[in-house]
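Here is a friendly walk through one chain and how its parts meet. Have a look at the structure first, then read on.

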Amino acid sequence: MKKTPVVPVGIVAAVLAALQLLATAFGREYYLTELIMAAYYSVVVLGLCLLMGYAGQISLGHGGFFAIGGYTSAILTTRHLPWAAGTDWGGWLQRAGVLAARQDLYGTDMITVTPTAAFAAAMALTLAVSLLIGYPALRLKGHYLAMATLGFGLIVYRIVLGSEFAGAADGITSVPPWRITPGLVLSGRRAVRVANYYAAWGFALLVVLFLIHVTRSRVGRALRSIHGGETAANAMGIHTAGYKLKAFVISALLTAAAGCCLTHYNGGIWPSEAGALKSVRYVALVAAGGMANLWGVLVISTVLTFLSLRGCFGTFDHAVFGIILIAIISLAPQGPLKPVAAWLRAAGRALRGGRAGDFAGARTHHA
Amino acid sequence: MHQLLQYALSGVTVGSIYAVVAIGFNLIYRTTGILNFAQGEFVMLGGMTAVSLAAFVPLPVAVAGAVGIVAVCGGAMEILLFRRLRSHSLLHMIVITIGLSIVVREAALHVWDEKVRSLPYFTGTECSSVRILGAAISPQVFWVLGTVGVVVLALHVFFRHTLTGKAMRACSSNPEAAMLSGINIRNVRTLTFTLSGALGALGGCVISPMAMTQYNMGTGLAIKGFAAAILGGLGNPMAGVAGGILVGLAESFSVSIMPAAYKDATAFAILLGALLVRPHGLFGSNGAEGAREL
Amino acid sequence: MKRMFVAMLAGAVFMGSVIAPLPAAAQGDEAAAPAEPIKIGALFAVTGPASFLGAPEAKTVEMLVEQINARGGVLGRPIEVVLKDTAGSPQKAVSFTKQLIEEEQVLAIIGPSTSGETMQIKPVCEEQKMILVSCAAAEVIVNPVASYVFKTPQKDSQAVAWIYNTMKDLGISRIGVVSGNTGFGQAGKKQLEDLAAEHEIEIAISEVYDKGATDLTDILTKVQAADVQAIVNWSIVPAQSIIAKNMRQLGMDIPLFQSHGFGNIKYVEQAGAAAEGTLFPCGRLLVADVLPDDHPQKAVLTSYKNDYEDRYDEEVSTFGGHAYDALMIVVQGVENAGTADREAVRDAIEGLQGFVGTGGIFSFSPEDHNGLGLDAFEMLTVKHGRFAVYTK
């Protein structure tokens, strides 16, 4: 029995709107910046959640897909194409919305690919690469899959780090804003921050809805059966390889999309986004959120990313992250929300316990 | 000709560093099934501790001290952390050891600091050089290779001819049967981590004069060591040595034919290729080690 | 469902508590409250892969702030530095920059430590009209010039010019270049390649290695095969020491030139005997002791060197010096402008002439936001394990 999760999404949307209004009212709109960045990173983690939590496949290389998306967007929208200047081809492409003439930060004229066209190119490239890598890699299991995906991520990292056209170690800067529709511009500029906030979170919520739909559908059931036992699933006639690949490709596309959006928001991208540390962080956030728990993953990922971006932990940022990780996994491998829920329920019971005869909230609960 | 030899020597030098890490990886994996991403940190801790001790005591004592201390840390890690874990899913283990490596690295940053340090060369100085058929290497390389060789030999003897070693092998092939025979699995696991820590630390000390020791050197080494272990075949410490040397040679020779900027990408590409063709590694047996699912 | 609701509740409560009215830190408005501190933001990579830059920079700034406030502050107001550790991460740099601009409302930002981070925040600072005095070396930071962005480290191109001039004196014309894959290394490589022709130097081979490389003998083997007369290494630690040692181990006795990133005696110590005879252009901080007493920089250099070494019990490095220059330039700008209004301070900084810093003597202009010329450098070498001025 499927029902669209309107209520939870409604609650989330209300909470987000409340946060924004609070922030604006108290003059603290700058918090929205980190929330926006956290939203996009959460999309990456959500995609990975589908792959790891539901399909049970590990990927230590998703930073590579983030970089493929982000760098493609960045390179195409910052590279001047001199051949397009005086030619018919160039004019036609400009009218078609693929190329655009604009000025860079210093006032020089340039013709570059439009962000929308660049996004399409990034998605196409990610699709190709994820199919190419996924098909052979997903036949591997466990540690070998981990190594293969890690290797993939590292190869992407080394390529962008070593290549001039990708800006080498400094990455690419001055990436232009992305005008998605006339009213919606993805950019880090202060003036459009609130709009960007809703755009980012709208995107994240759409992703959640999409993933809920997927996991409740046939695909989701197939993935869960694969996670439970691949041989058995195969014996039942489920085309495990196909479903695994599907999950891999979906997560890769989501990651790359987040990469594009964040690149335009930040106005740049750098090699460390492809690195092992980032990929590992994504995996850790999925695990910390409870693996197969979309809402849990969203909350944990947002909270931890937000705190890290705020610099709340100062020089201990990585250490705190590591400690939280170890704590959650060892104490609450299903994710921290269950114990929190249990605790809140117990607290609620304790509060209600004063009133006689009210056992409405009492339920037996297994730790 | 001596060029090729020089490249080969470079590759072996660097490869032996990876081999040291791979041995530790394989040891733990084989006996406990855990992939210890914090292995690189043992190497780092060994070097750092030895450098700190070397300020007060002679070099050999410092090295021995460092090995001992890190070995204890390894055992402590097992007792405090891994014993208590309720979930044994592969993914959780990987994530925990990753978290652990992060914490250890950051702790090292705050205990020592970000500066690069090194032990003095065991024999000779920074400039000494040994000539072999026209190629030249530092005498420290002999120390590294020698240590790796001695370790491999010692492990071989240990596993085949000592009771404890055989107990460890028993635990890895069939834990239930081992328990039934009266082997204390928990102690064996602690011992494995202790041993692995000791080996890592020894490696860290012996490479410190050449490769320098820095608080964040562990991560890169762990990745390369992991790659070496997989290439050789997970779970086989000796094969890990071969894997390490091969990775090192691949990197070194790739420099001779293409820009050095892509050296690491080449190594990983070769590794990926090998994985896709022969996933259980060069010396691994089909199915047995690698089929473990999440 | 209930679990999800709980999740939302927990998350929202948490976020709300972070965002909701915290007792506001001083709003930083330069209203005329007397002794209202002047806030300056600092972004340094105190931890992480660039910590050899950020750690001395942070320490220098900490020390300077105490000294300045002990003297009575600037314009009678104490200065307060809001330090954020970016750990070398550009995304944190972007996030913290926005925090410093909007939340802390600082007067100016000094740092970041690396070129990559600086380039990512350059557009943000320029758009928000925030003064940025960077401690990173890349030429692109000030070329093309952005009106609010300055930098204190010397120009790479001039370091290269010094190296090439020295080579010409030594009769060297065919060289090999090895560089690390960091932004610094690549910037240096580019300058070396761009300026080679006009100095009649031929670069026979140019290789890039990974910054974390532990052994560079394979690259040096390749360089040896190219039959060069000297090697230029442009990198950060630890490669600077490793390359020197590897060269000796391979029996290469050709001269080794390093970049101005070699500016810390620790690197010499690590390379031990292999560092003897290394040549590199550098600011005069490292040889402050041997400068003649009437040298304009002597007073500033020796007092910084002594204060730093007394306070932190470690040797000075030129990196800390960049932070010294950045902060003191901002302070001087405020004093010259007579107010802490950002526009006025910016104009004052741009108009600074003959400002004595550790990196050299700064003279800014609307076209030159670095302010240092060829005379900011001295060619140094290593003699008996200590830095010395190079003489032919």
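## Two domains in chain C

Chain C is assigned domain 1 (38-154 + 306-373) and domain 2 (156-282); such bounds come from an automatic or database domain assignment. This is a predicted model, in which local features need pLDDT of at least 70 and side-chain atom pairs count only at pLDDT 80 or more, while totals for chains, interfaces and linings use all residues. Residues are numbered from 1 along each chain as its sequence is written, with chains lettered from A and ligands numbered from 1 in the order in which they are written.

Between the C-alpha centres of domain 1 of chain C and domain 2 of chain C there are 29 Å. Where they touch, domain 1 of chain C contributes 13 residues and domain 2 of chain C contributes 15 residues (two residues are in contact if their C-beta atoms, placed from the backbone, lie within 7 Å). On the domain 1 side, helix 4 (115-128) and helix 11 (318-337) of chain C each supply at least two residues. Helices (H or I, at least four residues) and strands (E, at least two) are DSSP runs, numbered from the N terminus.

Here are some values for the whole chain.

| Property of chain C | Value |
|---|---|
| Helices | 12 helices |
| Strands | 14 strands |
| Span of the C-alpha trace along its principal axes | about 65 × 65 × 40 Å |

Of the contacts in chain C with a separation of 6 or more, 68% join residues 24 or more positions apart.
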